[in-house]
Amino acid sequence: MTPVLRVAEHFERTDTGRQRKGNEDAYFARSPLFVVADGMGGAQAGEVASGTAVEVFQDGLPDGSEPVESRLRSLVLEANARINALAQSDEALAGMGTTVTAAYVGEDELAIAHVGDSRMYRLRGGSLERLTDDHTLVEELVRQGKLTPEEADHHPQRSIITRALGPEPGVEPDSFTWPGRDGDVYLICSDGLTGMVGESQVAEILTEAGSLPAAGRALVDAANAAGGRDNITVVLFRLEEVGTGDIAADDHDTSEHAVLRPASTAAAAAPAVAERPQRTEGVARREPRPPRRESAPKRRRRRVPAGVVATVVVLAIAALGAYFASQTVYFVGASDDGFVTVYRGMPYDLPAGLHLYGVNYESGVPADTLSAAQRRTVSVHKLRAKDDAQDLVRQLETGTLAGP
């Protein structure tokens, strides 16, 4: 019998990290298909983008006579179209995007499709090899010989992505097909791992761990021990050769491994994706309660003086006018996580924890890496037009802004 490849085992884990409030990573793991997505955008937009991306892979590869690699690319393009359409239809999601790295295990080879700076590695014979290229500004500079890999690891613009799903109607994925071997171990991960743990340490953990679960947990722990500045997601799987008559269902392919996003963040993202089609089979709907009957006698209503009513109406109209006026201006500041952010509204906090502003776009530029002049530009909270505020952040992202 001709031997073929199958996934012998796999392990997945995602972690919020130590400095983020929410988890914008998502993954899908159902043999023979594995996907990691790392979302970006203000408020909950990053979660929506990464969750939308992995949802596209739920039904597996589309049928057809085209090679596996081509069909995998088509799913990535479909994910880009869905995310871009959502961003165009809802201003709160404008500018959102996500990375995606997807792998499909065939009978004797592995197909990969990739956009962004999530990564895929192969451990073969004790040697770790990266199979994907980062679509980032510093990686482009490394390829051009303007930065060394060591300089890129500590560059202040290392998180600026040059290619992602969602921001544009079209995107060009990288795709490859690699021959697989018995015993190969593959790692797909978000940059929350690789930004904190060097490749040599990743290789050491993978080779010394006694099992995939032990390796996966050790990788997440190492990223957190190094600071855990970002969300951390790892997907690991190992290949084995079997005879064609010995192929059976993957023992680890259960529904709990096909995770779209962390359970802790799925509920929070629900309002932003409510307009997407949802599965309703088996959902118990709560019946409306019958109105209560009043048993107590009705009390006579007191009349409010007309002058008081008029005053309340005027104040309400003034408050609404101020609110709507605040939604036409923008300012640049730093988020609670310390990243340069575009806010929509007025930079004022009201009693009871109310704000006159909301996040429009959160960049990947840490505020503490800016020069003193650049920090003053961010800290003054000058009111700006939307395009002006976004252009200012783009200049900070590309390092072209010298000062105020």
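These are my notebook entries on a predicted model of a protein.

**Ground rules**

I number residues from 1 along each chain as its sequence is written. In this predicted model, local features need pLDDT of at least 70 and side-chain atom pairs count only at pLDDT 80 or more, while totals for chains, interfaces and linings use all residues; side-chain values use heavy atoms, with hydrogens and water left out.

**Entry 1: the overall picture**

I started with secondary structure and found eleven helices and 14 strands. Helices (H or I, at least four residues) and strands (E, at least two) are DSSP runs, numbered from the N terminus. Of the 404 residues, 44% are buried (under 20% relative accessible area; exposed is over 50%, partly exposed in between; 1.4 Å probe, protein chains only). I then looked at contacts (heavy atoms within 4.5 Å). Among those with a separation of 6 or more, 69% join residues 24 or more positions apart. The accessible surface is about 21700 Å², and carbon and sulfur atoms hold 51% of it (Shrake-Rupley method, 1.4 Å probe; for residues, only the protein chains shown count as cover).

**Entry 2: the cores**

Next I looked up nonpolar cores, which are sets of buried Ala, Val, Leu, Ile, Met, Phe, Trp, Tyr and Cys residues joined through side-chain atoms within 4.5 Å. The largest has 29 residues, and V35, F57, L72, V76, M96, V100 and L165 have the most contacts inside it. At least two of its residues come from each of strand 2, strand 3 (33-40), helix 1 (45-55), helix 2 (68-89), strand 5 (100-105) and strand 6 (109-115). Helix 2 gives the most, with seven residues. Leaving aside neighbours within four places in sequence, I saw M96 in contact with residues including M40, V48, I83, L86 and L165. A second, separate core of 21 residues includes V185, V197, A215 and V220.

**Entry 3: two loop residues**

I checked N23, in the loop between strand 1 (3-15) and strand 2 (25-30). N23 counts as buried because its relative accessibility is 1%. Its side chain makes a polar contact with the side chain of T14 at 3.0 Å, and also reaches the backbone nitrogen of D25 at 2.9 Å. A polar contact here is a pair of N or O atoms within 3.5 Å; within protein, one must be able to donate a hydrogen and the other to accept it, and residues adjacent in sequence count only if both atoms are side-chain atoms.

P32 is in the loop between strand 2 and strand 3. A cis peptide bond joins S31 and P32, with omega about 10 degrees. Most peptide bonds are trans, and most residues other than glycine have a negative phi.

In helix 10 (residues 372-379), I found A373, Q374, T377 and V378 buried. Down the helix axis they fall within an arc of 140 degrees, so they line one face (the arc is that of the directions from the axis to the C-beta atoms). Their cover includes strand 12 (330-334) and helix 11. V378 has a relative accessible area of 5%, and it touches V332, G333, A334, L370 and L396, not counting residues up to four places away in sequence. Just after helix 10, H381 takes a positive phi of about 55 degrees.

Helix 11 (residues 386-398) has 13 residues and should span 18 Å; its end C-alpha atoms are 19 Å apart, which agrees. The expected span is 1.5 Å times one less than the number of residues. G399 follows helix 11 with a positive phi, near 75 degrees.
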